[in-house]
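Student: I have a protein model open and I'd like to learn how to read it. Can we go through some features one at a time?

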Amino acid sequence: MVFSTIVVTSALKGALGLVGTSLWLIPLLIAGLSYYRYDQLDPESRPIDRYPLYPEYDFVVVGAGSAGAVVANRLSEVPKWNVLLLEAGPDENEVTDVPSLAAYLQLTKLDWKYKTEPTGRACLAMNGGRCNWPRGKVLGGSSVLNYMLYVRGNKHDYDHWESMGNPGWGYDQALYYFKKSEDNRNPYLQRSKYHSTGGYLTVQESPWKTPLVVAFVQAGTEMGYENRDINGEQQTGFMIAQGTIRRGSRCSTAKAFLRPVRLRRNIHTAMNSHVTRVLIDPLTMRATGVEFVRDGRRQIVRARKEVILSAGAINSPQILMLSGIGPKEHLRHVGIPVIKDLRVGDNLQDHVAMGGLTFLIDKPVAIVQDRLQAAPVTMHYVANGRGPMTTLGGVEGYAFVNTKYANLSIDYPDIQLHMAPASINSDGGVQVKKVLGITDQVYDTVYRPIANKDAWTIMPLLLRPRSRGTIRLRSSNPFHSPLINANYFADSMDIATLVEGAKIAMKVSEARVFKQFGTRVHRIKLPGCRHLKFASDAYWECHIRHISMTIYHPVGTTKMGPASDPTAVVDPRLRVHGIAGLRVIDASIMPTICSGNTNAPVIMIGEKGADLVKSDWLAIETKR
Ligand SMILES: Cc1cc2nc3c(=O)[nH]c(=O)nc-3n(C[C@H](O)[C@H](O)[C@H](O)COP(=O)(O)OP(=O)(O)OC[C@H]3O[C@@H](n4cnc5c(N)ncnc54)[C@H](O)[C@@H]3O)c2cc1C
Ligand SMILES: *[C@@H]1O[C@H](CO)[C@@H](O)[C@H](O)[C@H]1NC(C)=O
């Protein structure tokens, strides 16, 4: 066991591209140990990184993320079709399996390491006024970096999509596909008509929780909210988080959808394969294949039936634009011949939250780095798959609440709260500061004085922003990162609503149930907001503009809509308007962002998208 730890530890340094600082040793040790357990207990094995590839497949799927893994699995259920799944990143590893280490994956080689452009309206406490936008570059995509929270959004989101001219996307259909994927392991939910068992994707609570999350849910009831399954009949309410985890470790879409089918002969998976463009015949306006670079070698592969882009809301529009599909003025500007003028890269929406709101407590019940990484905690995880290391990236509870701007005649909350039993100070500035990109000045002034003290946080987020951002190419070079303008708070209603969210978060912390811990808000003001009265509306606005925190949900950049909608990029069957043999199936197609975390909805889009492809081609093939 000791031997395997050492071997795995050095292998992992390579795997994550780490410098061997002592800081990393503890997580690596944990990883090594968990590998041992994994070996003993986990029967699934890894997908095969296929060499060499055929020159042609029926379907070429680009990107093995939350949606792409689902699409490749479902299409390869048809034995007479063959499917190639191309992924720019490598396979998952042992660190990615440990739920509590989620934040440690950011800024490693498993992350595309994107940053937003500065606007002066948001991300002001971040280096260069730019927010980090992590995205998974690994088999399983962002489902490998994410915090594993399982949230489906609000019924009205899907009914709204349908009402925008997208038949078949209403809530009833969405629910059918949510349930198709799901294997819910919480006995109290298995009986609900909103949940199911037996799907590929394991959903359950973390087997470990702090007393703080119990208090959080109770605070909700004190305030008149229900403790309820927010993925069920009604969304408004408080709940202990549900997560995509299996026996205490991460259940990415690679683990859920690719590993079980690794031996199917009609699915080939190619990792470290960076797609640079889709090949399109300008005469027939049909996609015929893709160009990609693997091991430094440029190659092409043909698609007999279709190319499917599942590269996520940043890279799918990037690949389309590199292929000549996008806003014509922009393509001309970067020197790419225009094949089809479409509003690719517009309509960018994300969930922005207020980060850094910190509640100090007097009891040792929060997650503090020093305590979390103690040896017994590690052993408990390794041996039993239990304990604090199974926490969902740190988030234990969530709630959907209504500000004064919400429409109370329907169940359609406008703010989501994420509760975590830790805050920016809890790791002494080691990782959270770094992944958020917070400046030394802000950290040293506000959080250093309480470093490693027991604390918890609520991150209120705006569920349906009015602001829209853009993705554009920096140049025609496919290896240059795209330009991301998140455009947070361009619409003043967005900041006004989030200020109300901050006030609701404060109310939760002031509930009676939190008195037992001696809960009080940390009052050192942010350096840029010193001139304002602490806890006034103006102060909260200033705080939000400084520690504007993405909850990592960019969507909408290849908007789904009918041909009559000039801003639509794909039709309701997810086919790119005006191009044959090309679809987008991932977070990019959402016309409006769903009201909650996006992983489950993107998996739903993958399930439904795959069914659309199947029904279109099976109809053609039976006619023949
Ligand atoms: C840090 C973080 C935390 C999150 N937390 C949560 C959470 O707790 N709950 C939740 O519901 N959601 C969460 N999300 C969001 C959720 O994970 C994403 O919305 C979802 O994974 C997006 O799925 P996708 O298929 O659209 O894209 P992705 O999963 O990002 O997949 C895209 C894939 O395409 C690959 N790719 C891109 N470009 C190319 C190319 N040129 N060639 C080949 N391959 C390419 C990528 O490497 C990637 O594997 C989080 C995301 C992050 C990053
Ligand atoms: C609130 O929702 C109801 C039901 O959908 C709708 O009829 C009404 O117009 C909405 N009110 C506002 C102010 O948006």
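Student: How far does a polar side-chain atom of S66 lie from an oxygen atom of ligand 1?

Tutor: Keep in mind that this is a predicted model. The gap for S66 is 2.6 Å.

Student: How much of ligand 1 does the protein bury?

Tutor: On its own, ligand 1 exposes 1,000 Å², and the protein buries 99% of that. The elements giving two or more residues to its shell are α3, α4 (142–145), β12 (273–281), α10 (312–322) and α18. In total, 38 residues surround the ligand, and the closest are S66, E87, S142, T598 and N599.

Student: Which residues are around ligand 2?

Tutor: Look for N407, S409 and I410. A polar side-chain atom of N407 lies 2.3 Å from an oxygen of this ligand, while for S409 the corresponding distance is 3.4 Å. Taken alone, ligand 2 exposes 360 Å², of which the protein buries 25%.

Student: Back to α3. Why is helix α3 described as largely enclosed by the rest of the structure?

Tutor: Count its buried residues. Helix α3 covers residues 66–75, and ten of the ten are buried, so the rest of the structure largely encloses it. Among them are S66, N73 and R74.

Student: Now the rings. How do I describe an aromatic pair?

Tutor: You give two things: the distance of the centres and the angle of the planes. This structure holds 20 aromatic pairs. Take F59 and W617: their ring centres are 6.5 Å apart and their planes sit at 85°, so the pair is edge-to-face.

Student: Where do F59 and W617 lie?

Tutor: F59 is in strand β1 (residues 56–62) and W617 is in helix α18 (residues 599–623), so the pair ties together parts that are 558 residues apart in sequence. F59 and W617 are both buried.

Student: What about Y158 and F178: what is the angle of their planes?

Tutor: It's 70°, with the centres 6.0 Å apart, so this pair is edge-to-face. Y158 belongs to helix α5 (residues 155–163) and F178 to helix α6 (residues 171–181), 20 residues apart. Both Y158 and F178 are buried. Together with W161 and W169, they form one aromatic cluster.

Student: Which charged end sits over the ring of W617?

Tutor: That would be K305, whose charged end is 5.7 Å from the ring centre. You can find another case at Y412, where the charged end of R464 sits over the ring, 3.5 Å from its centre.

Student: Let's finish with a loop residue. Where does Q234 lie?

Tutor: Find the loop between α8 (211–222) and β7 (237–240), and Q234 is in there. Its relative accessibility is 34%, so Q234 counts as partly exposed.

Student: Which residues is Q234 in contact with, leaving aside its neighbours within four places in sequence?

Tutor: They are R228, D229 and D411. With R228, the side chains of the two residues make a polar contact at 3.3 Å.

Definitions and conventions
Residues are numbered from 1 along each chain as its sequence is written. Chains are lettered from A and ligands numbered from 1 in the order in which they are written. This is a predicted model: local features need pLDDT of at least 70, side-chain atom pairs count only at pLDDT 80 or more; totals for chains, interfaces and linings use all residues. Side-chain values use heavy atoms; hydrogens and water are left out. A residue is near a molecule or strand if one of its heavy atoms lies within 4 Å of it. A polar contact is a pair of N or O atoms within 3.5 Å; within protein, one must be able to donate a hydrogen and the other to accept it, and residues adjacent in sequence count only if both atoms are side-chain atoms. Accessible areas come from the Shrake-Rupley method with a 1.4 Å probe; for residues, only the protein chains shown count as cover. Rings of Phe, Tyr and Trp (its six-membered ring) pair if their centres lie within 6.5 Å; planes under 30 degrees apart count as stacked, over 60 as edge-to-face and the rest as tilted. Helices (H or I, at least four residues) and strands (E, at least two) are DSSP runs, numbered from the N terminus. Buried means under 20% relative accessible area, exposed over 50%, partly exposed in between (1.4 Å probe, protein chains only). A charge sits over a ring if NZ of Lys or CZ of Arg is within 6 Å of the ring centre and within 35 degrees of the ring normal. Contact means heavy atoms within 4.5 Å.
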